[in-house]
Structures are given as C-alpha cells and as structure tokens.
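This briefing is written for a reader who is new to protein structures. Please look at the sequence and the model before reading the points below.

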Amino acid sequence: MAATGAGFFTAVSSPILRSRLSPSINPKHFVSARLTSRQPVSSTEPPPQPPSSSGNRRLEKKKQEAADTVTKSGGGSEERRLSLKDYFEQSADMIRSVDGGPPRWFSPLDCYSRSDNSPLLLFLPGLVDLVERTVTSENYLSPNRPIYLVGESIGACLALSVAARNPDIDLMLILANPATSFSRSPLQPLIPLMQIMPDQFLLTVPYIVSLMTGLPLKMVMATMEKRLPLQQTVGELSEHFGELSSYISVLVDSLPRETLMWKLQMIGSASAYANSRLHAVKAQTLILSSGRDLVLPSEEEGERLRRTLLKCEIRKFNDSGHALLLEDGVDLVTIIKGASFYRRARCLDYVSDYMPPTPAEFRKIHESNRWTEIATCPVMLSTLENGKIVRGLEGIPSEGPVLFVGYHMLLGWELAPLVARFWAERNILLRGIAHPMMFRKLRDGKLPELSSFDTFRMMGAVPVSATNFYKLFASKSHVLLYPGGMREALHRKGEEYKLFWPEQSEFVRMAARFGATIIPFGVVGEDDISQVLLDYDDLMKIPYFKAEIADLTDEAVKLRTDIEGEVANQDVHLPIILPKLPGRFYFLFGKPIETKGRKHELRSRDKAHELYLEVKSEVEKCLAFLKEKREHDPYRELLPRLIFQATHGFDSDVPTFEL
C-alpha cells in the first residue's frame, strides 16, 4: 500500500522500534501504523516461541547480506527488493523476540510533515484493551478530532469491538476484508485437520495459506503487466519468488502447530465477539472488499455489514486477494479521499477537508478517461480582456475566486475533458458544484453506487449548497457551476444547446460579495457523438420505465424545493442514446466579467438580475459562435483527425477553424 499523503494523519510511534529497522526499508511498504505486542497479554496465551538456532542463524545471515548489498548499491535501485525482504525478516524478529517490554505503536510515516489538526490513524493487528486505552487517551487529549481505526482481517474485528464499546467517541472505521466472516472461511477445516496432522506435513500449511492470500499470483501478474524483456521478466520473477520463499520460511519458523492453532482459534473468538456487538457500532464505516479473497468470503461479508451497520459504505476490489493493503496499485489514502472519508473535525467540510489529487492520482484518473479526449479531440478557446478569442486557456485568470458558468451537455460528457485540460495545461483545479446524489443516497436501490462518483470527488466536486458556495469563494477557488443542472443534462429531443436556467439569479450576489470573476462559457459537440432515441417524455409512456424513473427519483436527494417549474426537480432517468461516429467537442470561454468593487451595487435584486441575464446571454452567444464556426472545421469528423494524427503523431495538436 502506497504511503501517499501520509501527512494527512497523525501517527503514534516508538523510537525503540524505529531504531531497530534497517535504513533501507521504504515506508511505502508499510501501512500507516502497526500495533505489535511484545509480551503475552494474559496468562492463558502461549508465550512467544524463541527462534530455533538454525532460524536465528539464517536471519542474521540474511541481515548481513542485505546490509552488504545496500553498501554496494547505495540503496538506490535495490530499495524495493530489500525493503520487502527486510520487512519479512524484521517482522519475524519482532514475533520471536522475547525481550519483554510493553506493546509498541509503530509508524514509519511519522517522518513526514503533517498539519497540526490532522486526525489520528491507527492500524490494528492487536488486542481490544490495548487499542481501547489508546483511543480513550487520545480522545481525552483531542475530543474534537476523529480517530481512524484501520483494521485488516482480524484487525477489523478488533476495530468493530472497540467501536461497539465506545459509541460516544468519534471513530472512523476502515475495514479491509473483515474476519467477521470467519465462520464461513475455507480455513475452518484446517483447525481439526491440524490437530491430527503429522508434524512433517505441517510444513505445507504456510504454503497453502500463502496461495490462498493470492500473494504469489499478484507478484506474477504485477511483473507481467510491466511488459519487460524476457530475460528481465524471468529475473524479476525469480527475485519475487526468492522473497516469497523468505516469507514462507519466516512463517514456518515463527508459527509452530500450537501457535498457529491458537491464532486460528483467536480469529474465531474475535469474529464471534465482534458479530455479537455489531448492533452497538455507531461509527462511520468504510468496508474494503476483495473479489478474489480465497481466505474469507469478503464480498458477501461486505454487503452483510453494509446492511447491518448504521453508517456504512463499501468499496469493491474485484481483482484483489486477501492481502488487499499490501497489493501494488492499492493506495489507502486515495481510497479515503475518493470516498470523502477524510475529515478533521466532527463534521465533514467538503472545502477545508478536501485534499487535491497528487500528480500520480491525476495521471491515473486522466488515463481512465483518456478515451473521451482521444475520441472528441476537444478544441479549447478563451477570450482575453480585450475581447480577442485565442486558442487555449490563456484568457483564464490564474488567481481566484473565479466562477465558470456554462451549458451542461447531455449526460455531462464535457466534464472529463474540461477538468483534465484545466489541470494539465494551467494547473487549475475546477471545483464543480454537483448534485447531492453523488455524495449520499436516501436509501439503497437502483441508483449507481456512490463509488461510481469517487473520481468526481477526487477532482474536487462538492454537493450544491449555499454554504459550500460561500466557502469555495472564500478560499479563492475556481468554481464550476451549471445553473441548468440535471434538467439541462437530461434534456429532451430537439433541446440541444437550449438553456434551462431558473428565473431568478442563484449566484450573482454571492460572487459579488467576494469580488469573483465570472466567466460564461459554451460547449458544443453532443449532437456529433450521439442521438437521443428515447427521452424522458417517451420513457414516461412506457409503464416499465415509468416505474423505474419513480424509484430512481425517490432514492435521490431533492433540490430546489423552494421554486416551481420544470427546472426545479427533474426526475432521475437515463435517456436511451444511439451513439454516432464521434465528432468533436468545442469549448469557448467568454470575456471575463468582473464583480470586484460592485458588492454594494449588486445587493440590489434588480441589478443582480440584470447581470444574471447578461451572463446567460453571453453563454448563448458562445454556443451560437461555436455552432457556426465548427461548420468550417476541416477536422470536425473522425477520419480527417485520424489521418492528421497518423501523419504528425497521435499526441500532436489537431488544427481547427480559423479565428
């Protein structure tokens, strides 16, 4: 699991353990905080087994080899390989150590910078009483700060148990493949089998468990996806399996029959304990479920917990195995950000708690939506202060607050290329004002899962509200607003490029209060990529679709309940679309309209309404300009663009009409 954004959280650490770790260990290979018990918790638990002399010698030899390699290589290209091996070896050292002492909290991420009010995150493989003492102590010191408990497998049972026993503490639970489903696990038959299995066959158990976690398969797939030369691929696979052999040898040395039996029984006890107290869990919870977990039925368990817990969401990883947080490409911080699960106080603030995507996160989002940009080859035009129209985004102010007000194309197809181009070319993040259905649902049903909108939240979308509008302007953001909302994005046949704005202004006086620059814009091209076959009026005549629309609308949060007319509350539906061979998208950002210095003038409703109509008129002019000009674009159709790109390179800037 990558450690991106580690500074978002506070972590409790131990200098004793930190000093024991090899300097070549990469913090990115550790989850944000780990709990390690260095002494038996009660007299009924078996004491840690001392390492065998052969195991001890092997561990010391590997440590020396690792140190020699670091010295020779300088710790550069060898860092990832060494960090994984060292992690296994140091884990074994901590498991087998008999030096006593209290339990330690350890986090290699505390070396990163963090904000003073960052919430606390604890990763849990330990025990209820210890975690509960830490949680209550931290809550006493900072009662208004949430505490995150990240529990994987049995750690999820621990997190749920602590939450059930402390319903008045503000806890945020992140549960990866929770072991609350242990009673239905394929591991169950191992318990009676191990009691009668001869010692020589017990050596196969760690290998079986390793295969069930999916770790060997993931290592192979990660290497094959790199498409390296054959010799390099074979070398990397050999290296990975060498690391895996080291890992399994650690398990063999560290988990004799009695210890392994005790651990399996402990998982069963923890699962039963947590399940008996689910009704008392009040904490906000995020479930991470793997689709290929061979150890636990995690997909089914995630759905069960979502139905059982009061405030629970789920994120699914269809191609992941049991050890989800150790897999390449799984970044816990990215998941938290996408789910809007990060907050620093009692309530989530979509503006102040927002963390922009990192360059790596943006690249991943951009690549997943790259097909839209390739297919539509957007033309971006902006207007300078002197009224001159230029290609590119030169006319866009760098400093906010800026309010972009424009036309919402069918199904919002313009959003992906619009937001991506602003970020890539100008390093400007557009904070979109979005429908609340992207952030919460009134009930489970037929609307898309909230995870479908994680990308929008990652890129800065906030639910529409006067409070969020105010906070965005106050933070000098670049705000994206569509007054036509869902009615415009779900328009009927023959309504292309028609504005459906409310009769009264909804943004002018707020913009003037902060001196925001208003930029009207238009975008055309939806009629060149699709045709509406069945619109809302057609669907409402068909009983099946009429019932579906009623159900969808009933699930969604209602907007504009204080006004009347068709723009007030558009029923939620999905028009039937007939795709076309893709044409081209065209954007025009009009001349900036300044409200700075007009705060008192625009307090007047009449003056504000005049400016509102002016902005609307400018959007309509942008649409008319683009519809006319695109007729003269020799590259409007797909084939001429493909020919040009084949000749000049597929990353080349395709020309358009003359300005």
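The structure is a predicted model, in which local features need pLDDT of at least 70 and side-chain atom pairs count only at pLDDT 80 or more, while totals for chains, interfaces and linings use all residues. Residues are numbered from 1 along each chain as its sequence is written, and side-chain values use heavy atoms, with hydrogens and water left out.

**Nonpolar cores**

- A nonpolar core is a set of buried Ala, Val, Leu, Ile, Met, Phe, Trp, Tyr and Cys residues joined through side-chain atoms within 4.5 Å; buried means under 20% relative accessible area, exposed over 50%, and partly exposed in between (1.4 Å probe, protein chains only).
- The largest nonpolar core has 65 residues, and the members that touch the most others are L403, F404, L418, F422, F507, I518 and F589.
- Helix α23 (residues 605-629) contributes eight residues, the most to this core; helices (H or I, at least four residues) and strands (E, at least two) are DSSP runs, numbered from the N terminus.
- Leaving aside residues up to four places away in sequence, F589 touches several residues, including M380, L393, F404, L418, F422 and F521; contact means heavy atoms within 4.5 Å.
- V162, A164, I287 and L309 are among the members of a second, separate core of 37 residues.

**Helix α18**

- The buried residues of helix α18 (residues 466-474) include N468, F469, L472 and F473.
- These residues lie on the same side of α18 because they cover an arc of only 130° around the axis, the arc being that of the directions from the helix axis to the C-beta atoms.
- Among the elements that cover them are β10 (402-406), β11 (430-434) and α20 (508-513).
- K476 follows α18 and has a positive phi, near 60°.

**Pocket and cavity**

- On a 1 Å grid over the protein atoms alone, a cavity is a set of points where a 1.4 Å probe fits but cannot get out, and a pocket is an open set with protein on both sides within 12 Å along at least five of seven lines; lining residues have an atom within 4 Å of a point.
- The second largest pocket holds about 750 Å³ of space, a volume being the space filled by probe spheres set on the points, which are joined across faces, edges and corners.
- Its lining has 31 residues, and E313, F439, R440, K441 and L450 lie nearest its centre.
- Strand β7 (312-317) gives the most to this lining, with four residues.
- The largest cavity holds about 140 Å³ of space, and 16 residues line the largest cavity, with K337, S340, D353, Y354 and M355 nearest its centre.

**Backbone features**

- Most residues other than glycine have a negative phi, and most peptide bonds are trans.
- The peptide bond from G400 to P401 is cis, with omega near 5°, and P401 is in the loop between β9 (389-391) and β10.
- S340 has a positive phi near 50°, and its relative accessible area of 17% makes S340 buried.
- N427 also has a positive phi, about 55°, but N427 is exposed, with a relative accessible area of 61%.
- The loop between α16 (415-426) and β11 holds N427.
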